[in-house]
Amino acid sequence: MGVIGLSNPSFLCPSKSITGNRTLESNFSCVFGSNQTRVLAMASTLPVKQVGSVEEEGQLRLTGDSFIRPHLRKLSPYQSILPFEVLSTRLGREPEDIIKLDANENPYGPPPEVLEALGTMKFPYIYPDPESRRLRAALADDSGLESDYILAGCGADELIDLIMRCVLDPGDKIVDCPPTFTMYEFDANVNGAVVLKVPRNSDFSLNVENIAKVVEQQKPKCIFLTSPNNPDGSIISDEVLVNILRLPILVVLDEAYIEFSGVESRMRWVKKHENLIVLRTFSKRAGLAGLRVGYGAFPLSIIEYLWRAKQPYNVSVAAELAACAALQNPFYLENVKDALVRERERLYKLLKGVAFLNPFPSYSNFILCEVTSGRDAKKLKEDLAKMGVMIRHYDKKELKGYVRVSVGKPEHTDALMNCLYRIQSTDA
């Protein structure tokens, strides 16, 4: 994991390599080692047909895809997790009979106040408050950070894209530290940015020395970090974060899973660090993944420009109502968090007893496992799916041969372990 990679969309002008010894052509992803350069096909693109026109009765006719920006024609779609309805049809099972441990969703769902609020919603026919004032006030009370520093979004994913649209010109560079949340690379490619990859160490910690080198040599605009990191569940210490904040780069810290870590959020740090943005979500903590509510803490010198660029009605009436209702029951949120943390520790111990799995300690609501003993990770996922249990598997180079298991309720853990024991018994 000691190499540094760079990917750039096909419409960009060539950029210099980190070593400065050769020019990288725009249609490639390049990986830099200590003594040599390897050029690989860019992972985020797919081969495409010739676009622009078709011949019809001897004449050329303009086609719709000729209007699409060239680099987007080669963009691979984001690989999303399938919802219950689609899984039910594909597996031939009722949704209630599927154990869904593949997307880090909160199996307990939101507090009862949320359903009550949605059931008595008064003004769904009126556009929502473009400033989400009620929600931001509630978040200020919850976080201890004034609402002037807070911006809400249609999930944290919208805010990731909004940040890039405000910060990056086509050809600008970002730093990504794989393995991590793949939305950063995806959104960078959508926005025409160059992705400089600084892989994590073998224990999934950040390679701060290599990050500093890339910042010095390549002058990227921003770096995206996740703590706890998805998919391994490791956290970033205050010392490491402070060292990265000393670099001349905008640091976007994604805290989607912070509630499960036992570590305090760094939201209030934005008041003293002009180059820090902290993102949060209601998807994991409050069980509102289906309603898409995220929020971020920004320095005042940055947030004013995001207000100018964001979509005016980005948080729906239902989403704001649900998020505010969830915050009214902190006792429920804390109990659910405690239950998931307890179940995470139980699940980790049980997974360690499976002969072909090597689980990693986690500070989140999921556990990453290396699939060992010559067993195929994809086939393991498929075998479990046939039994009605869904987990996530990875095939990218940093995590080839790994699976990730979300923490569910105790009965979900029991069902998973029964299936794993059945698979293990076939090896005897």
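**Cavities, cysteines, strands and loops**

Reader: Which residues line the second largest cavity?
Author: The model is predicted, so its local features need pLDDT of at least 70 and its side-chain atom pairs count only at pLDDT 80 or more, while totals for chains, interfaces and linings use all residues. Residues are numbered from 1 along each chain as its sequence is written, and side-chain values use heavy atoms, with hydrogens and water left out. A cavity is a set of points, on a 1 Å grid over the protein atoms alone, where a 1.4 Å probe fits but cannot get out, and its lining residues have an atom within 4 Å of a point. The second largest cavity is lined by Leu351, Leu357, Cys369, Leu380, Leu384, Ile391, Val403, Val405, Leu416 and Leu420.

Reader: Which elements give two or more residues to the lining of the second largest cavity?
Author: Elements are DSSP runs numbered from the N terminus, namely helices (H or I, at least four residues) and strands (E, at least two). Those that give two or more residues to this lining are helix H11 (377-386), strand E20 (402-406) and helix H12 (410-425).

Reader: What is the volume of the second largest cavity?
Author: A volume is the space filled by probe spheres set on the grid points, which are joined across faces, edges and corners. The search of the whole structure finds 2 cavities of 30 Å³ or more. The volume of the second largest cavity is about 30 Å³.

Reader: Is Cys369 buried or exposed?
Author: Buried means under 20% relative accessible area and exposed over 50%, with partly exposed in between (1.4 Å probe, protein chains only). Cys177 is at 1% relative accessibility and therefore counts as buried. Because its relative accessibility is 0%, Cys369 counts as buried.

Reader: How many disulfides does the structure hold?
Author: A disulfide is a covalent bond between the sulfur atoms of two cysteines. The test applied is a pair of cysteine sulfur atoms within 2.5 Å. The number of disulfides in the structure is 0.

Reader: What is the hand of the β-α-β crossover from E10 to E11?
Author: The chain passes from E10 through H5 to E11. A crossover is right-handed if, with the strands pointing away from the viewer, the path from the first strand over the helix to the second runs clockwise. This β-α-β crossover is right-handed.

Reader: What is omega of the cis peptide bond that joins Ser227 and Pro228?
Author: The peptide bond from Pro178 to Pro179 is cis, with omega near 0 degrees, and Pro179 lies in the loop between strand E10 (173-176) and helix H5 (183-190). Pro228 is placed in the loop between strand E12 (222-226) and helix H7 (238-245). For the cis bond that joins Ser227 and Pro228, omega is about -5 degrees.

Reader: What is the phi of Lys219?
Author: Most residues other than glycine have a negative phi, and most peptide bonds are trans. Lys219 is in the loop between helix H6 (208-218) and E12, and is exposed because its relative accessible area is 61%. Lys219 is not a glycine, yet its phi is positive, at about 55 degrees.

Reader: What is the phi of Arg292?
Author: Arg292 is found in the loop between strand E14 (276-281) and strand E15 (294-297). Its relative accessible area is 28%, so Arg292 is partly exposed. Arg292 is a residue other than glycine with a positive phi, near 60 degrees.

Terms used: 1 Å grid on protein atoms, 1.4 Å probe; cavity = no way out; pocket = protein on both sides within 12 Å on 5 of 7 lines; lining within 4 Å.
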